[in-house]
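Hi,

Here is the structure I said I would pass on.

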Amino acid sequence: MDKILYGGDYNPEQWLHMPEILEKDIEYFKKAHINTVTVGVFSWGALEPEEGRYEFGWLEDRIDTLYENGISVILATPSGARPKWLADAYPEVLRVREDRTKMLFGQRHNHCYTSPVYREKVRAIDTELAKRFGNHPGVLLWHISNEFGGECHCPYCQAAFREWLKKKYGTIDALNEQWSTTFWSHQYQSFDQVESPSSIGERSVHGLVLDWKRFVTDQTVDFMNWEIGALRAAGSDKPVTTNMMYEYTPLNYAKFADSLDVISWDSYPAWHKRETAVTAEDTAMQHDLFRSMKRGQPFLLMESSPSATNWQPVSKLRRPGMVKQAALQAIAHGADASLYFQMRQSRGSFEKFHGAVIDQYGGCDTRVFREVEETGAVLEAISEVKGSITKAQAAIFYDTENIWAMEEAKGPRNEGLFRKEAQRKLYHGLRRMGLDVDMVCMDADLTGYRIVAAPMAYMFREGFAEKIETFVREGGIFLLTYWSGVVNENDLCYLGGRPYGLMDVMGLRSTEIDGLYDWEENHACPTAENSLGLKHTYTCRHLCELVQLRQTDGAPTEVLMTYGDDFYAGTPVVTRHPYGRGTAYAILADIEPAFYDEFFEILMERPETAVSCLVKGPLPEGLEVCRREHADTEYLFLQNFGKETCSFDLKEADEEEQVWQVLYEENPDSYRKPGTQTIRVGETVVLKRHLPIK
Ligand code: GLA
Ligand code: ZN
């Protein structure tokens, strides 16, 4: 399809007894510029009402009718929830919880990914679906299951886990060594003794907990691949996706990427709970995270609410304009789809009060519908951005295994590591300077980035330190924070000093780390005549790392800031170390956000940083700038999530460059040329220009 996908989750099976509703749906979809709907999510009961009896007629009728009306379908496999008959006939499909209690039928996503029967039943229905619809011209994409999640501790899963461990470690001695089981006499004599972590059993062996989490991810990916395999074997080669969730750390999503043709995720920001700019930035970071899973390729916003949700503590309405602004934000950050949950609000059960494009009143003369319609028109008008990519110059590590290990460990602070805040401060600092930012896992290829930041990179897996060393030596700017380079991939502490493998690059060795009580503060004070010209003093909280500078063959380590208080007053808290052709900065404490603002403002001006931005930072509060490009055109998205009209300086076109044209603007007079531009609260402007032929 050459348009941005617009539409959302649609469950016609809830309305089969009311054909007039189904007819209205089509009429309203067309009115609202809907071109894509997701069908089949949780439809197993309607598709296979009895074991082996498939009822696909209604679905075929819907897919055909939608297609005739210019609406394509994302077809889901139904494995996200299973029918009652299945759970009754084969109780093994139901999960066992970590406390070893067996679940009853109910909810959704309550099934074992290992169970052979579950796999067989899923494969059977997926095969039938693929045979019937797998080459239908109206089917765009397969949507595998729905929001994979959770874990199962049944005997099948225990056995599979032991196999997984055997494959990883080979011998039980190797496992014992990596898990450090001599501690508390927890040695295993054979793989058969290993059991998954449990609140009534073992949780103190961190290597076990970590490997279990890895296994859960691998088993979920294996299940997903099993489903994809069924579709392929039945002759469908349509692309596949699965919808992921916000900050869902129980699974390591990075491991899903290779199996999928396109990444998609479900975004439900609590708009209007905090300042819009704060919520917008948090959402932006997630968009960037999902986009980065396929390095800059477009992703899909698979779900979002056109109104309130019904599962957040407070079901807040989207204020006028917010639906459109949120949809455009996804596109700005690299999405090729903006889809809703849901098209038509259900009459009963769990989600009857969740926002929908068409509500229970049933007309199209509603505020929400009008906003959806307006948004559809805008997305249609900017269709040409579809397929364009994002090329970020900066990357921040976001690594799920690192998070697992760090958060499970009993360490320097067991009541809040403020890990996410550390990441957010870097993200804000870089974005504020006008940069697009990738959020990548620690295995990512760093080619093409100018700045790479590693907040709390506790776990250095094999090869990580070497990769960073190369990056810096070859000219990159690298930022590393406290509590980094501490353990290997099995959570075994490195001997000989940390950050492991990077002490020469950083020009220091970490000696101790101080956990601060909530009410405690230290300070980061600039040193006289520091080469960056840092001027201000900032508060440090939560974690303060102490280091010893290291004499290397190259340039000495410069201390840019020192602690202001406590017995380590006067010792380094921010350092700079030129290494090879690049520079490594260490930020050794949890310093307040304002530090990052000053730091990045200075860093951007330095010639060695060598980044170029179309809009020069620092950007005013709430202004988001994103760039996408095709081979011959670049697009600039500007969105004001702030509280005031703001102005920005667009980099002037040099001789070879074309002048910017407006692809979309909210109000015809909001974008004025030339000179300084202004953008009002809640507005979006999309600019474009042709790129010089290289
Ligand atoms: C998730 C699910 C949907 C629906 C929405 C409600 O994202 O995938 O089926 O339950 O939440 O917000
Ligand atoms: Zn199981």
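Predicted model: local features only at pLDDT ≥ 70, side-chain atom pairs only at ≥ 80, totals over all residues.

Below is what I found, site by site.

Cys 112 and Cys 154 bring together distant parts of the chain, 42 residues apart. Cys 112 comes from the loop between helix H4 (84–89) and helix H5 (116–133), while Cys 154 sits in the loop between strand S4 (139–143) and helix H6 (155–169). Are these two buried or exposed? Cys 112 has a relative accessible area of 0%, so it is buried, and Cys 154 counts as buried too, at 3%.

**Ligand 1**

The other ligand I looked at is ligand 1. Around it you'll find Phe 42, Arg 108, Asn 146, Glu 147, Asn 243, Asp 266, Tyr 268, Glu 303, Trp 311, Phe 341, Glu 351 and His 354. Several of these make polar contacts with ligand 1 oxygens: a polar side-chain atom of Glu 351 lies 2.3 Å from one, a polar side-chain atom of Trp 311 is 2.7 Å from one, and for an N or O atom in the Tyr 268 side chain the distance is 3.4 Å. Taken alone, ligand 1 would expose 310 Å², and the protein buries 96% of that.

**Two residues elsewhere**

Ile 451 belongs to strand S12 (residues 451–454). With 0% relative accessibility, Ile 451 counts as buried. Leaving out neighbours within four places in sequence, its contacts include Leu 430, Leu 435, Phe 471, Ile 477, Leu 479 and Val 611. Of these, Leu 430 is 21 residues from Ile 451 in sequence, with 9.3 Å between the two C-alpha atoms.

Thr 557 lies in the loop between strand S16 (538–549) and strand S17 (558–563). Its relative accessible area is 12%, and since buried means under 20%, Thr 557 counts as buried. What does its side chain reach at 2.7 Å? That would be the backbone oxygen of Gly 507. Apart from residues up to four places away in sequence, Thr 557 also touches Met 506, Leu 549, Arg 550, Thr 575, Arg 576 and His 577, among others.

Cheers

How values were computed: Residues numbered from 1 in each chain as written. Chains lettered and ligands numbered in written order. Heavy atoms only, no water. Helix = DSSP H or I, 4+ residues; strand = E, 2+ residues; numbered from the N terminus. Buried < 20%, exposed > 50% of the residue type's maximum accessible area, 1.4 Å probe, protein only. Contact = heavy atoms within 4.5 Å. Polar contact = N/O pair within 3.5 Å; in protein donor to acceptor, adjacent residues only side chain to side chain. Near = heavy atom within 4 Å. Areas by Shrake-Rupley, 256 points an atom, 1.4 Å probe, with all protein chains shown as cover.
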